Amino acid sequence: MSLEIIPFEPRYSSVFRDLNVTWLETYFYVEPKDAELLENCQASIIDEGGYIFLAKIEESIVGCFAFIPLNETNYELGKMAVDPKFQGLKIGQKLLTFAIDFAKNRGWPKIVLYSSTKLDTALYIYKKYGFKKVALERDLPYHRSDIKMELVL
């Protein structure tokens, strides 16, 4: 089983949405900001200067993540999801490694992510890769977010 990480193409919009909705509905629920980003990811992420990448095994898309622009030099790592049938194969860690390398190659100063303290495994992996907890601002777009982390590159 060979994993390939590929850039977004519009034909994968529904797969990107479905992977994320499955993840969200497993742990939380789809919030208005999620719906905005997922229903038209081309307009809300790509056309705004962001990036989406997909994990592909053979002809199946099994995972994804996005870099959502916060401003001209900072991006949020978000919308990371792995198909439940493929969890436990370290696909999320491969996506995270790819994301960090991508950001470094672009010369970005840091990567920001928002998560939930309910997600012990995810937080453990983020810490393992060097992400540090930072102050959480007010008025976040997601109710589930109760922790903010950064990786200075």
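Tutor: Buried means a relative accessible area under 20%, exposed means over 50%, and partly exposed lies in between, with a 1.4 Å probe and protein chains only. The model is predicted: local features need pLDDT of at least 70, side-chain atom pairs count only at pLDDT 80 or more, and totals for chains, interfaces and linings use all residues. Residues are numbered from 1 along each chain as its sequence is written, and side-chain values use heavy atoms, with hydrogens and water left out.

Student: Is Tyr-75 buried or exposed?

Tutor: Tyr-75 has a relative accessible area of 9%. Buried is the term for values under 20%. Tyr-75 is therefore buried.

Student: How are the planes of Phe-102 and Trp-108 arranged?

Tutor: Both Phe-102 and Trp-108 are buried. Their ring centres are 5.8 Å apart, with 80° between the planes. The arrangement is edge-to-face.

Student: How many aromatic pairs does the structure hold?

Tutor: Ring pairs link Tyr-51, Phe-53, Phe-65, Phe-67, Tyr-75, Phe-98, Phe-102 and Trp-108 into a cluster. The number of aromatic pairs in the structure is 17.

Student: Why do the buried residues of H5 line one face of the helix?

Tutor: The buried residues of H5 (residues 120–128) are Leu-123, Ile-125 and Tyr-126. Seen down the axis of H5, and taking directions from the helix axis to the C-beta atoms, these residues line one face because they fall within an arc of 160°.

Student: Which exposed residues sit on the face of H5 turned away from its buried side, and what covers the buried residues?

Tutor: The face turned away from the buried side carries Asp-120, Thr-121, Tyr-124 and Lys-127. Contact means heavy atoms within 4.5 Å. What covers the buried residues of H5 includes helix H4 (91–106), strand S5 (110–115) and strand S7 (147–152).

Student: What separates Lys-33 and Glu-36 along helix H2?

Tutor: A salt bridge is a side-chain nitrogen of Lys or Arg within 4 Å of a carboxyl oxygen of Asp or Glu. Lys-33 and Glu-36 meet in one, at 3.4 Å from N to O. Being three residues apart in H2 (residues 32–39), they are separated by about one helical turn.

Student: Which residues form the salt-bridge network that includes Asp-34 and Arg-144?

Tutor: Asp-34 is buried at 0% relative accessible area, and Arg-144 is buried at 14%. Their salt bridge has its closest N and O atoms 2.7 Å apart. Asp-34 is in helix H2 and Arg-144 in the loop between strand S6 (132–134) and S7, 110 residues apart. Salt bridges that share partners form one network of Glu-31, Asp-34, Lys-79 and Arg-144.

How values were computed: Helices (H or I, at least four residues) and strands (E, at least two) are DSSP runs, numbered from the N terminus. Rings of Phe, Tyr and Trp (its six-membered ring) pair if their centres lie within 6.5 Å; planes under 30 degrees apart count as stacked, over 60 as edge-to-face and the rest as tilted.
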